[in-house]
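Here are my notes on the model, written for someone who has not looked at it before.

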Amino acid sequence: MNLAVGFKLLGGPAPMWAPIALPGPQDLIEVHLLTPGADRDVTNNQAIAALAPFSVVLGGVDIAEAQLSFRDRGSSAELGRLQLRATQTLTTATGELGVYAVIAGAQTCEGQLLQWWHRLRQALTQHRRSAPDNFRMSPAAVRQMLIFYLCPRPVVLVSVDDGTNSNLFPMDLIGPVSSGGFTLALRNTSPSVATIQNARRVALADVAARDRDLAYGLGRHHRQARIDWAKLPYEITHSARFGLPVPARALRVRECEIDCWHQIGSHTLFVGRVVSEDVRTGTPYLFHTSGIHRHYRERHAQRTPWLEARDAPCT
């Protein structure tokens, strides 16, 4: 029996990511920053800064080393932990931000035998996961990112227009990092990096779970500098302050002014402020979480506290 057939008999690949439907801001996971003598809730103050090397950004934190602890809000059980090491401090209009390299991680969502099995499969299939012109995350960094995504991350459509180029594309590498601060991490090779730098403003449209396929279809725009808005298969409205085109189907629209940006490894980290928010009717929202989170919920709950995004009802 060859190795591939043996793997197939033992089961298909474990899902690494899960698009899920939640009714609003996630309340399943708390994220705590652990430093000597302190335990600080940073659920609303942490985001990804870059994927290679895998790095996170935190607001108002100035310490050489720390840990992020991911806890189930209902039981207070720790599901995963990441070890952080400071790499740089960014001075922004909303305060200082600490950039931390993720240097190690551990999770308890799966047993040790299952974790070993997934690592073996990951190592044997890693070469098929990256295009030739893509950066490649190490297997360890991928496992660490799965821990980071224990906390469900919302998916938004980013709208930008600098008068010459304009675009609309999905992102989940976003998040608040301090009081009034907000970050977006966009791959350096994206043509929209220059567009955002020129415009210094964006609109973020929250995606309804029912529109998962629509949002994923816009992923092709990451390779484009300018799109034809007239060819989009849905109605477009405009944001309240900046007048940026956004899908009329969006559940919420936030407008952000971009204060500064920094290149961190594979990504450009944009730092800005939310200056307006328009909450519209309808739920649930589209989030991404990790397969290990799904595994934990299936083992420890009668049912998962979310719907699969494809099964989310229209509202």
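**Notes on a sheet and one of its residues**

1. S159 sits in strand β10; strands (E, at least two residues) and helices (H or I, at least four) are DSSP runs numbered from the N terminus. This is a predicted model, in which local features need pLDDT of at least 70, side-chain atom pairs count only at pLDDT 80 or more, and totals for chains, interfaces and linings use all residues. Residues are numbered from 1 along each chain as its sequence is written, and side-chain values use heavy atoms, leaving out hydrogens and water.

2. S159 has a relative accessible area of 0% and is therefore buried (under 20%, with a 1.4 Å probe and protein chains only). Leaving aside residues up to four places away in sequence, its contacts (heavy atoms within 4.5 Å) include N167, V202, W229 and P245.

3. A polar atom of the S159 side chain lies 2.6 Å from the backbone oxygen of P245. The C-alpha atom of S159 is 9.0 Å from that of R201, which is 42 residues away along the chain.

4. Seven strands make an open, antiparallel sheet in the order β11-β10-β14-β17-β18-β13-β12, where pairing requires at least two DSSP bridges between two strands. β11 (166-171) and β12 (174-178) are the edge strands, each pairing on one side only.

5. Strand β13 (residues 181-187) is joined to strand β18 (residues 267-279) by seven bridges, and the two run antiparallel. F182 has G272 in β18 as its bridge partner.

Conventions. Buried < 20%, exposed > 50% of the residue type's maximum accessible area, 1.4 Å probe, protein only. Polar contact = N/O pair within 3.5 Å; in protein donor to acceptor, adjacent residues only side chain to side chain.
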